[in-house]
Amino acid sequence: VVIAQSASAYGYKGSRLYGCEVWINTRVPVCFADGIPVFVKFRDVSVMFSSPRCLIVLVRTRHMMFAIISAHAPHSSGDTCSRWWDEFDKHLVRIRSVTDTIIACVDANSTFPTYSKHSFHGQVGRRAQPSSNHQTVSSHLVASGLVAVSTFDQWCCDQFCDQPYTYTHK
């Protein structure tokens, strides 16, 4: 199952900007119920929200329900960034009225300092100085209860590395 939100207006050299996608493999079980694998079918998936920077999908099988977010936050540290995160928080409230299980895959366009510890697993920081929107992003992560996990091989922590499925090839 592939759900894609089209990109917004044209950007540099005519390229499309943003766009989000959620891919769900219907051949890999999402869980096991009484030892029987549970697979997602196309009819189990519905779109809760869609925009060029955010796609929210609800997956509802007979045995479980969860939401998947694919989002791309703005780079700026000004009002645009803050408004985007405020809107993102409103979507989280709406999602949580339906399910507490949320897989949020967000390009936050932020770097975190190496000393960041709250709401983060592993060392997510790449440098001593955070990006200009670090405070906005961090405060929204803490308030939302979401957890940031580093996807950089060199900062992967053992808690998120497993075989055969893992987000990194460590």
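**Reading the model**

A: Begin with the overall contact pattern. In the protein chain, residues 24 or more positions apart make up 48% of the contacts with a separation of 6 or more. Keep in mind that this is a predicted model.

Q: How many helices and strands does the protein chain have, and in what order do the elements run?
A: There are two helices and ten strands. Read from the N terminus, the order is β-β-β-β-β-β-β-α-β-β-α-β.

Q: What share of the 170 residues counts as buried?
A: The share is 39% of the chain. Buried here means under 20% relative accessible area.

Q: Now the strands. What should I keep in mind about their side chains?
A: In a regular strand, side chains alternate between the two faces of the sheet. Then look at pairing and burial. Take strand S7, residues 65-72: six of its eight residues are buried, so the strand is mostly covered.

Q: Which strands pair with S7, and in what sense?
A: Strand S6, residues 54-60, runs antiparallel to S7, and seven bridges join the two. Strand S8, residues 102-107, pairs with S7 in the parallel sense over six bridges.

Q: Which residues are the bridge partners of Ile68?
A: Val57 is paired with Ile68 of S7. Ile68 also has Ile103 in S8 as a bridge partner.

Q: Next, aromatic rings. How do I describe a pair?
A: A pair of aromatic rings is described by the distance of the centres and the angle of the planes. A search of the whole structure gives three aromatic pairs. In one of them, Trp84 and Phe88 are stacked, at 5.3 Å centre to centre with 15° between the planes.

Q: Why are Trp84 and Phe88 about one helical turn apart?
A: An α-helix has 3.6 residues a turn, so residues three or four places apart point the same way. Trp84 and Phe88 lie four residues apart in helix H1, residues 79-96, so about one helical turn separates them.

Q: Are Trp84 and Phe88 buried or exposed?
A: Trp84 has 13% relative accessibility, so it counts as buried. Phe88 has 3%, so it counts as buried too.

Q: What kind of pair do Trp85 and Phe88 form?
A: Their ring centres are 5.4 Å apart and their planes meet at 70°, so the pair is edge-to-face. The cut-off for that label is over 60 degrees. Trp85 and Phe88 are three residues apart in H1, which again means about one helical turn. Both are buried. Trp84, Trp85 and Phe88 form one aromatic cluster.

Q: Which residues does His63 contact, leaving aside its neighbours within four places in sequence?
A: Ala33 and Val38. His63 and Val38 are 25 residues apart in sequence, yet 7.6 Å apart in space, C-alpha to C-alpha.

Q: Where is Val28?
A: Val28 is in the loop between strand S2 (20-23) and strand S3 (31-33). At 27% relative accessibility, Val28 counts as partly exposed. Val28 and Val40 are twelve residues apart in sequence and 8.3 Å apart in space, C-alpha to C-alpha.

Q: How is empty space found?
A: Rolling a probe the size of a water molecule over the atoms shows where empty space is left. The second largest pocket has a volume of about 150 Å³. Its lining includes Ala33, Val38 and His63.

Q: Which element gives the largest share of that lining, and what classes of residue are in the lining?
A: Strand S4, residues 36-38, gives the largest share, with three residues. By class, the lining has five nonpolar, two polar and five charged residues. Among the charged ones are Asp34, Lys41 and Arg43.

Q: Last, helix H2. Which of its residues are buried?
A: In H2, residues 134-144, the buried ones are His134, Thr136, Val137, Ser138, His140, Leu141 and Ser144.

Q: Which residue just after H2 takes a positive phi?
A: Gly145 does, with a phi of about 80°.

Definitions and conventions
Residues are numbered from 1 along each chain as its sequence is written. Side-chain values use heavy atoms; hydrogens and water are left out. Rings of Phe, Tyr and Trp (its six-membered ring) pair if their centres lie within 6.5 Å; planes under 30 degrees apart count as stacked, over 60 as edge-to-face and the rest as tilted. Buried means under 20% relative accessible area, exposed over 50%, partly exposed in between (1.4 Å probe, protein chains only). Two strands pair if DSSP finds at least two bridges between them. Contact means heavy atoms within 4.5 Å. On a 1 Å grid over the protein atoms alone, a cavity is a set of points where a 1.4 Å probe fits but cannot get out, and a pocket is an open set with protein on both sides within 12 Å along at least five of seven lines; lining residues have an atom within 4 Å of a point. Grid points are joined across faces, edges and corners, and a volume is the space filled by probe spheres set on the points.
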